[in-house]
Amino acid sequence: MEMRKICSGCRDGVDFEIPFAMAFQPIVDTATGRPFAYEALIRGVDGESAYSVLSQVNEANRYSFDQACRVKAIETAMAAGIMDSDAKLSINFLPNAVYSPVACIQLTLRTAQAQGLPVDRLIFEFTENEQMGSPEHVAGIIDSYKQIGFSVAIDDFGSGHSGLDRFVRFAPDEVKLDMELIRDIDRDPRRRAIVRAMVGMCAELDTLLIAEGIETAAEAATLNELGVRYHQGFWYARPALGVLPAIRAHA
């Protein structure tokens, strides 16, 4: 009975009854000044914090919540005009809310097709801190997503104790450095040394490296000097509810 309920939520995405909206924040390609992608971020319908929604997610509704987020992100991004650019759409997902990669992705695929969003424009992020019942299950999800044509990213890299292990095991297309590694990097040689090593490792493994949480000109400049091309943070744009925010021009 419980599995049938889960399948219903995955099939039609209507079982999650808590209202929510999507905000977007650009990931900037600093070589061109254009958005490489927009990350979809959960918010309340009037712009309330992500916590106002996430605090209501539980074991009973997490499957339908994960499905509803994917649908909402795609539909909102398309309505906001993401196809007017070359930018990708980055969506966070819950590995523990995917019991079968092939079955659980069908609603996402139907939504993307109905909206006219090519699958190679989709990135799926999961956080290093996400609790995982089975790393083998997560590896299976990632393999399935890559075969479909999605990109997969590890978010908040460096914030947990098992980041390098997951880097090796899951072979992500992209890695997003946690903001704690970025904060005041211009004044901290240890942070610079770690990020410099990550730049070299990602280049050798053909993995795209993104720095998130950038808030100052000095942080942005230091990351550019270290060779980090893709940036995300308030320095470039704050998340905007329902629209794709412009990237701020800095003198």
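One aromatic cluster is formed by Phe-93, Phe-124, Phe-126, Tyr-145, Phe-150 and Phe-170. The model is predicted, and local features are taken only at pLDDT of at least 70 and side-chain atom pairs only at pLDDT 80 or more, while totals for chains, interfaces and linings use all residues. Residues are numbered from 1 along each chain as its sequence is written, and side-chain values use heavy atoms, with hydrogens and water left out.

Rings of Phe, Tyr and Trp (its six-membered ring) are paired if their centres lie within 6.5 Å, and the planes make the pair stacked when under 30 degrees apart, edge-to-face when over 60 and tilted for the rest. By this rule there are 10 aromatic pairs. In one of them, Phe-93 and Tyr-145 have ring centres 5.6 Å apart and planes at 55°, so the pair is tilted. The two residues are 52 residues apart and link distant parts of the chain, with Phe-93 in the loop between β3 (88–92) and α4 (101–104) and Tyr-145 in helix α6 (residues 135–148); helices (H or I, at least four residues) and strands (E, at least two) are DSSP runs, numbered from the N terminus.

Tyr-145 also pairs with Phe-124, and because the ring centres are 5.1 Å apart with the planes at 50°, this pair is tilted. It again links distant parts of the chain, since Phe-124 lies in strand β4 (residues 122–127) and Tyr-145 in helix α6, 21 residues apart.

The table gives relative accessibility for residues that count as buried (under 20% relative accessible area, against over 50% for exposed and partly exposed in between, with a 1.4 Å probe and protein chains only).

| Residue | Relative accessibility | Class |
|---|---|---|
| Phe-93 | 3% | buried |
| Tyr-145 | 0% | buried |
| Phe-124 | 0% | buried |
| Cys-69 | 5% | buried |
| Cys-104 | 0% | buried |
| Ser-64 | 6% | buried |
| Leu-41 | 15% | buried |

With a disulfide defined as a pair of cysteine sulfur atoms within 2.5 Å, the count comes to 0 disulfides.

Two charged side chains sit over rings, a contact that requires NZ of Lys or CZ of Arg within 6 Å of the ring centre and within 35 degrees of the ring normal. Lys-72 lies over the face of Phe-20 at 5.4 Å from the ring centre, and Arg-238 lies over the face of Phe-234 at 4.0 Å from the ring centre.

The largest pocket has a volume of about 930 Å³. On a 1 Å grid over the protein atoms alone, a pocket is an open set of points where a 1.4 Å probe fits, with protein on both sides within 12 Å along at least five of seven lines, and lining residues have an atom within 4 Å of a point. Of the 39 residues that line the largest pocket, Glu-39, Leu-41, Leu-54, Asn-92 and Asp-155 are the closest to its centre. Among the elements that give two or more residues to this lining are β1 (21–29), α3 (62–80) and β5 (151–157), while β2 gives the most, with 5 residues. The lining has 17 nonpolar, 9 polar and 13 charged residues, where Ala, Val, Leu, Ile, Met, Phe, Trp, Tyr, Cys and Pro count as nonpolar, Asp, Glu, Lys and Arg as charged, and the others, Gly among them, as polar.

Leu-41 lies in strand β2, and the C-alpha atoms of Leu-41 and Ala-240, 199 residues apart along the chain, are separated by 9.2 Å.

Definitions and conventions. Points joined across faces, edges and corners; volume = space filled by probe spheres on them.
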